[in-house]
Number of protein chains: 2
Amino acid sequence: MRAEGTGRQPITLKDLAAELGIHPSTVSRVLHSTSEIARGAASSATAERVRKLARERGYSPDPGAASLRTRRTKAFGVIVPRLSDLVLATMYEGVEEAAAEARYSTFVMNSHDNPEEQRRKAEIMLARRVDGLILGDIHAGSDLVHELQARSIPFVLMSRRYPGFPSSTCDDVVGGELVADHLWDTGHRAVAVIAGEPFASTALDRTSGFRDRWLDLGGRISDADIVWSRFDTEGGREAAEALLDRRGGIPTAVFAVNDFAAIGAMGAIRSRGLTVGQDIAVVGFNDTSLAAQLPIPLSSVRSPMLEIGRRAVELLRRVIAGEQVESLRLKPELFIRESSAAVAAAAARDALVG
Amino acid sequence: MRAEGTGRQPITLKDLAAELGIHPSTVSRVLHSTSEIARGAASSATAERVRKLARERGYSPDPGAASLRTRRTKAFGVIVPRLSDLVLATMYEGVEEAAAEARYSTFVMNSHDNPEEQRRKAEIMLARRVDGLILGDIHAGSDLVHELQARSIPFVLMSRRYPGFPSSTCDDVVGGELVADHLWDTGHRAVAVIAGEPFASTALDRTSGFRDRWLDLGGRISDADIVWSRFDTEGGREAAEALLDRRGGIPTAVFAVNDFAAIGAMGAIRSRGLTVGQDIAVVGFNDTSLAAQLPIPLSSVRSPMLEIGRRAVELLRRVIAGEQVESLRLKPELFIRESSAAVAAAAARDALVG
DNA sequence: CTACGCTACCCAAACGATTGGGTAACTGCG
DNA sequence: CGCAGTTACCCAATCGTTTGGGTAGCGTAG
């Protein structure tokens, strides 16, 4: 007589079958049927007995065994630059929710926006035999997407887009346009952009959306008014310092393509003895929960981060199902707050426009 | 003749064995041996041939098949309140790094600090047959830990501790003490604490560390000076408003047990027309990357978040190996910045101490 | 009465890796 | 030369599920 031991191993199909005096295959059919496969697999009386016992014993199928047979793991791999970036973390929450609803699990890894690490992490995911990948860190011009396509690995992009591949993103061009309209309407004529990383479509689209609309409105903006930077607070601070130090006059408004960069910029502005919202307007992007709560509330373009994550899962599921899918660009919305609510100071406007 | 198709399936052990004209078991032994098991399994010439071919063909073992046999998945489950909390996201980065180094994968899920969801997510992880759990969201008095223990499931706690169970945390009591010493030394006598959620050991320990040290120093602090709140910016704002609205004088210094709550508090203070660092000192906790970059740089206690995550993995690995492990409490460090650098205004001090 | 079609099952072969237990062939020693 | 020991393998069972292919028993239409 073997001791039961403390480390009880999980119930198997065979255990259930033995206890019910029927064959494991019957149990299997009953259990995963959506009542279409079950029809014909067992009498409804048997089916009920099976389901009852499974519930009682807390049966849950071994995913390893199942995927060995079915060649599907019911798992996705998600790669993001870093989860400590609130934006990606929030998108991942959407991914997790939607994946769980569809009974998928997710592995997440950070690539730190490093192409080599991206590739390495993707390989780890594939070695885990994930059914598909969600890439939240794709770089403009990266060849990873082509490689994955060549290996016919199902994947979708999230947050950043790449022409020709399915993605779930914010309509960043529109986001940039919203900011241009707002700053123009409040009387600013000398503006600058803290543009983010030039390898990210988010940064590129927000910047070009802003720039193109600004020119359409009749504004002037030169290359020197656009400063590329990291997406974090420190990157924003450095970029703002560069803008404030330059010869030829400082801008009356700054559009930072990311809230954290905007916060860094606000710090730099204050260090110069200037007041955000009075002397210089600042607008951010993503409308993270922080923006509205800052000492000087930050105007920001709200992107539907959670929804972007959820949609990425939906897209990926359709790609896996073999469908041809279209990329999504979800509409952003501008929230105007104290950091940019005031009409541009006349003095600054006159000095810089004339 | 069957078309090869585009969706090539992965190479198996059997493929390699067939190509080399040897038995799959030999290939297996060669491949995972740490050269101790390999010794006796194959001649070094054969071993070399095997390794070479495996490399060429890009062989990677099917984890499902392996875990079916070995009863180990080489995967951990990680549960956090929310990854959009920078603190937990950073700890998770540490977890991911350390897990990857040990060839483990990780599933992460958000529990939103909801006990029911906690349990549900844990069950999902266990249904995935993870080798162990890292819980970053445990509540004081939760019975989940006891249940898991009763089911002899390997797990460790992270970020928050629970007496009697292994955990990897910051020494939050010491963190609170550091802040008490600092505020006392800078002349503050009327202080308040934005204490966070009362179910989190982090909040409890930081608060009691502060409070006890404050009393030891000869200070006075009553229950009304301690306001429980959510950990986010909005929670901090609300708590600060409550403190500023109360009758009987406002504090000259506020300790928020979390940087985000501190930022919210800074907002509330500014809304009242007061200046952080001049009229009221504010100190946060965790020293997130934001703190130093804020318009008014925030004093904060730095907790080694990445290291806490890494150590959690180490602990869990040892628990899985059957070792008896001790909880870790990593030392925090206080960084003093503009938000609390000034000596308390004499007027405020005199008015409130007398 | 026979053939056919259901119903409600059972059977067994996978899936890919691991591992305890062989066993031929060779070496070395007395 | 006989025997033990070693080397370098092979064999086969096993993990838990899934799934294509039976089949016994029964009802019923022709």
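Modeller: Let's start with one pair: α8(A) and α9(A) lie oblique to each other, a word for angles that are not under 35 degrees (roughly parallel), over 145 (roughly antiparallel) or 65 to 115 (roughly perpendicular). Keep in mind that this is a predicted model, where local features need pLDDT of at least 70, side-chain atom pairs count only at pLDDT 80 or more, and totals for chains, interfaces and linings use all residues. Residues are numbered from 1 along each chain as its sequence is written, while chains are lettered from A and ligands numbered from 1 in the order in which they are written.

Back to the pair. Helix α8 of chain A covers residues 172-185 and α9 of chain A covers 201-216; their axes cross at roughly 40 degrees and come within 7 Å. Helices here are DSSP runs of H or I with at least four residues, strands are E runs of at least two, and both are numbered from the N terminus. Axes are lines fitted to C-alpha atoms, for helices over the stretch in contact, with angles from 0 to 180 degrees between N-to-C directions. From α8(A), residues including A:Val173, A:Gly176 and A:Asp181 meet residues of α9(A), among them A:Asp205, A:Phe210 and A:Trp214; contact means C-beta atoms, placed from the backbone, within 7 Å. This contact splits into 6 nonpolar, 6 polar and 6 charged residues. Nonpolar covers Ala, Val, Leu, Ile, Met, Phe, Trp, Tyr, Cys and Pro, charged covers Asp, Glu, Lys and Arg, and the others, Gly among them, are polar.

Further along chain A, α10 (residues 233-245) and α11 (residues 259-271) have axes that come within 6 Å and cross at roughly 45 degrees. That makes α10(A) oblique to α11(A), and their crossing is right-handed. A:Gly236, A:Ala240 and A:Leu244 are among the residues α10(A) brings, with A:Phe260, A:Gly264 and A:Ala268 among those from α11(A). Here the count is 10 nonpolar, 5 polar and 3 charged.

Chain B gives us another pair: α5(B) packs with α12(B) (residues 305-320) at about 45 degrees, axes 7 Å apart. So α5(B) is oblique to α12(B), and this crossing is right-handed. In the contact, B:Met91, B:Val95 and B:Ala98 are among the α5(B) residues, and B:Leu306, B:Ile308 and B:Val313 among the α12(B) ones. By class it has 11 nonpolar, 3 polar and 5 charged residues.

Chain B and chain A each put 43 residues into their contact. On chain B's side, α4, α5 (86-101), β2 (105-110), α10 (233-245) and α11 (259-271) give two or more residues each, and that side divides into 16 nonpolar, 17 polar and 10 charged. The copies meet through the same surface, because 100% of the interface residues of chain B are also interface residues in chain A.

Key:
Two residues are in contact if their C-beta atoms, placed from the backbone, lie within 7 Å. A crossing is left-handed if the near helix is turned anticlockwise from the far one by less than a right angle, and right-handed if clockwise.
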